[in-house]
Amino acid sequence: DEACVAVFFRRFLALQQHHLRALDAFLLYVLLTGALQFGYCLGVGRLCFPLWLPPVLTGGSLFLCSAVCLRIQINPQNKSEFQGISPERAFADFLFANTILHLVVINFVG
Amino acid sequence: MQVLSGCEVTISNETRELLLAAISEDSSVTQIFHAVGALSGFGLPLASQEALSALTARLSKEESVLATIQTLETASYLSQQADLSSIVEEIEDLVARLDDLGGVYLQFEEGIETTALFVAAAYKLSDHVGTEPAIKEDQVIQLMNAIFSKKNFETLSEAFSVARAAGSLSQNRFHLPIIVVPDGPAAVSHHQPVLRLQVTNVMSQILTQVSVKLDQAKSVSSKATVLQQLPFTLSGDFFELNFMNVKPASGYYDFSISVDGDKRFIANKVELKVKVSTEVGITNVDLSTVDKDQSIAPKTTRVAYPAKAKGSFTADSHQNFALSFQLIDVNSGAELTPHQTFVRLHNQKTGQEVVFVAEPDSKNVYKFELDTSERKTEFDSASGTYTLYLIIGDATLENPILWNVADVVITFPEEDAPSTVQSKNLFVPKPEIQHLFREPEKRPPTVVSNTFTALVLSPLLLLLVLWIKIGANISNFSFAPSTIVFHMGHAAMLGLMYVYWTQLNMFQTLKYLAILGGITFLAGNRMLAQKAVKRIAAEQSSRLAKYRTLR
């Protein structure tokens, strides 16, 4: 819906806080990397499947961890929904989830 | 001494005392056995009752089979006045200790030698005491199967024990096993109508003071009893019976024979398989060519064995070749169905031969028909003149037949003619198989992958640029120890990931991860707590400022 997208962008640009912006930049990076790898795999063919899987998984999970979890929790506007969890705690959770994710991915790759 | 009467051996008093002293509870059973045997052999007196009590006492301590057997032997040297019944009971105990192998063999686990020694000792003692040994007839048979199963012996003592057992089974007061041996193969025929048997004991000594009787003779195939209750007649060393007198049909017969004459005989009912052979004759041999369309009547030629049919017969796409014959017993005229009735066709030029089976119909007339269109695969479609042979054979036939009956010209349809008939040589080396190694997966050309690697790294640059633009503040970086530790720990964890990929396995990684993770967690906790404090302080101060401005 046009209106929805417009509202989304306006809200996005209105963001002032550095934290969120930096995070959004990171999210963009992850997204781009994942998309490029996906495109590469489609282009070359089926034989890169095992090589393709870790990047996709990593990308997707990172995206999920960062965008959804961390961002939501850090955003002060959402503070009402996350009473008990401080931004620091959210960050710690993010790091922990990341660690496990990398462990699993490296296990798969290696 | 008893055996070597001309040989004088003097025993000194010391030796005698030594031998007598050996008979005590302190010596082993073997020593008592040897001492008693020596004293008895030299004819020197010995105290049987003492020996008996020493033996009994020793036997309760030494439970081995060999010791018990030696006790039996020793007891047979002792005076009959002594009460040897407890030793005699040991025979029964020993029989219980024998191993039954498949219902055929009965032997001690110690081996044939021990079993043979047992048999000899048991019968010796039983003869001495006058009591029948507690060994049943089928047990004796199984013991014999075990003891006499070998023809070559490894040790002299084993051979000796087997010979002793044979001797004791041929001469004792209670059990005499009988062995019935046919003269040559157990087969009779018109040329040799008499079945000759020899009766011996275990030592192969011929027994003639016995009566041999045929209890019954049954045909194996028809299960009919052909003969009953007929005695064999003694002729020299053999017992004879003319079986052909009853004109039996050819085949196999089960004879049940019993030998009597002495109450001690055991294993004296014998089953024997006797073969009756005969001669076969081929009659009513008809060779014919049958027209497939059945428009022309078949031409039949009769041939008599062993002549060959004059002229040749043809089998081609219009005509089939047929052969029929009957097999009869020359002596009785009865129809026969031997096991092997083959028709062999031999190609004179190529050396090929094809063999078929002629089957009898319900009237026992054998028929064979050659249809060129049906049988062309067996012949490889090789046309030509084939010699026809008839092959008749069976175990009960004395005259197997190979008869060149006729020549058959077989013509196969032209289009199926083979190129050349090559004899299939199965033992030629086959083409070598090259092992195909698994080919490595195709990878995209290096250029493409390098380009792509650069492409993938480009978002990273974008990220850095964005971060700088946004102004991610590194200025807020406080150099508190916990912060440094946290960042170092975190970096170390990422480094560990790399090392895990290259070298470590999961367990080692988890171990290191636990350590590093713990440090990082503590440091991070500290750091974040400090940040939280600062943040809350900042918030409070800003709130305070707002509050103040409001006021």
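At what angle do the axes of helix H1 and helix H2 of chain B cross?

This is a predicted model, in which local features need pLDDT of at least 70, side-chain atom pairs count only at pLDDT 80 or more, and totals for chains, interfaces and linings use all residues. Residues are numbered from 1 along each chain as its sequence is written, chains are lettered from A, and side-chain values use heavy atoms, without hydrogens and water.

The axes of H1(B) and H2(B) cross at roughly 135° and come within 8 Å. H1(B) is therefore oblique to H2(B) (angles under 35 degrees count as roughly parallel, over 145 as roughly antiparallel, 65 to 115 as roughly perpendicular and the rest as oblique). Helices here are DSSP runs of H or I with at least four residues, and strands are runs of E with at least two. Residues in contact have heavy atoms within 4.5 Å.

| Helix | Residues | Contact residues |
|---|---|---|
| H1(B) | 13–22 | B:Arg16, B:Leu19, B:Leu20, B:Ala22 |
| H2(B) | 29–41 | B:Ile32, B:Ala35, B:Ala38, B:Leu39 |

Of these contact residues, seven are nonpolar, none is polar and one is charged.

Chain B also holds an open sheet of four strands in the order S4-S6-S10-S9, with antiparallel pairing; two strands pair if DSSP finds at least two bridges between them. Strand S4 (179–182) and strand S9 (233–235) are the edge strands, each pairing on one side only. Neighbouring strands of the sheet are turned by 35° against each other on average, direction ignored. Four bridges join S4(B) to the antiparallel strand S6 (residues 194–200) of chain B, and B:Pro182 stands opposite B:Leu197 in S6(B).

Notes: Axes are lines fitted to C-alpha atoms, for helices over the stretch in contact, and angles run from 0 to 180 degrees between N-to-C directions. Ala, Val, Leu, Ile, Met, Phe, Trp, Tyr, Cys and Pro count as nonpolar, Asp, Glu, Lys and Arg as charged, and the others, Gly among them, as polar.
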